[in-house]
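Subject: Structure handover

Hello,

Here is the structure for you to look through.

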Amino acid sequence: MAFFSSTAATGVTAATPKDAEVADPPTDSVSSLAFSNQADYLAVGSWDNSVRVYEIGPGGKSQGKAMYQHQGPVLSVCWSQDGSKILSGGADNAGRMFDVATGQATQIAQHDAPIKAVRWIDSPQGGILATGSWDKTIKYWDLRTPSPVATVQLPERCYSMDVQYPLMVVGAAERHIQIYNLTAPTTVFKSLLSPLKMQTRVVSCFKASANQGYAVGSVEGRAAFQYIEDKDSGANFSFRCHRVNAAAPSKDVTIYGVNDISFHPIHGTFSTCGGDGTIGFWDKDARVRLKTFDAAPGPISATAFSRDGSIFAYAVSYDWHKGHGGMTPGHPNKIMLHACRDEDVKKKPAKR
């Protein structure tokens, strides 16, 4: 059964010339994109061991403002709520903080294996950094102290993590999903397996939603939506995306991983991107596809909406789905900026 209606989609066109390219992109694959909550600044983590910061101006004009280094590929970036700090984690097993005011980068976290995900927790008690690692732990850090304030054991390696206070969702290897209520951050609220049959690529918490929940995307070209409260479980569903049908009469289907899921900060609609080079905007409540476009001839590795949802950034770069051997010379590596129109990202009226 098709849970999303393709006939209701609008604007199903190729990427338009309005998509602006960010100047001076990283020299290797882009792993993570994050916009500041306070201004149109974009942080970019890359496999070239760097975090770059760009100022995004009117019409998609961009300017590099800062850069700092890890000692290995950067796998995740985020901002503090007040926009004063950028946090990053990488394959050097280190978490680092960049102070926007001073331009100084310092190490503020350490794991026994690469840090795959970093997320800022803006709790009533103050800001805390959560780091998820392949060492099968989540660590919480008060940036004023050198040691973690708490450590939580995971059943497997952390692959993805997202926070929408007080909810934190962790996607781990072997399809494990760990859910935490951050009012009790060291206690697992729910432990379950992903409803998808194959490896988790990304988890992303609902934004602007009346009911708490999260989306999960996998390497099988499917995404699922799960609500936290048992009373809402009847609304859980999954759907297929980022699959390409061969030309008739062949019935072959090429399946691509869902590399990222980003929720619009105002409307609560969401985007998916995949190894097929396409991007889709979707309304999970009306279960319709709002827009799709062919963004690139290769994978889209990461996406992010700006603070007001008017700008959608996406990275065209290798997503490592074929390992090191798939990183061929001349592979495209760029960051694009798409101007979001309301008709493309606003929810559709509920069906009667």
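Strand 25 and strand 26 (residues 278-283) pair in an antiparallel way, through four bridges. Please keep in mind that this is a predicted model. Within this pair, Thr 272 has Gly 280 of strand 26 as its bridge partner. The two strands make a hairpin with three residues between them. Gly 277 in that hairpin has a positive phi near 80 degrees.

Strand 25 also pairs with strand 24 (residues 258-263). Five bridges join these two, and they run antiparallel. Opposite Cys 273 of strand 25 stands Asp 260. Strand 24 and strand 25 form a hairpin as well, with six residues between them. In its turn, Gly 268 has a positive phi of about 75 degrees.

How many of the five residues of strand 25 are buried? Five of the five are, so the strand (residues 270-274) is mostly covered, with buried meaning under 20% relative accessible area. Side chains in a regular strand alternate between the two faces of the sheet. In strand 25, Phe 270, Thr 272 and Gly 274 point one way. Ser 271 and Cys 273 point the other way. Residues on both sides are buried.

Now the cysteines. How many disulfides does the structure hold? The count is zero. Cys 205 is in no disulfide, and the nearest cysteine sulfur is that of Cys 158, 12 Å away. Cys 205 counts as buried because its relative accessibility is 0%. Cys 340 is in no disulfide either. For Cys 340 the nearest cysteine sulfur belongs to Cys 273 and lies 14 Å away. Cys 340 is buried too, with a relative accessible area of 14%.

Ser 88 stands opposite Arg 96 in strand 8.

Best wishes

Technical notes: Residues are numbered from 1 along each chain as its sequence is written. This is a predicted model: local features need pLDDT of at least 70, side-chain atom pairs count only at pLDDT 80 or more; totals for chains, interfaces and linings use all residues. Side-chain values use heavy atoms; hydrogens and water are left out. Buried means under 20% relative accessible area, exposed over 50%, partly exposed in between (1.4 Å probe, protein chains only). Two strands pair if DSSP finds at least two bridges between them. A disulfide is a pair of cysteine sulfur atoms within 2.5 Å.
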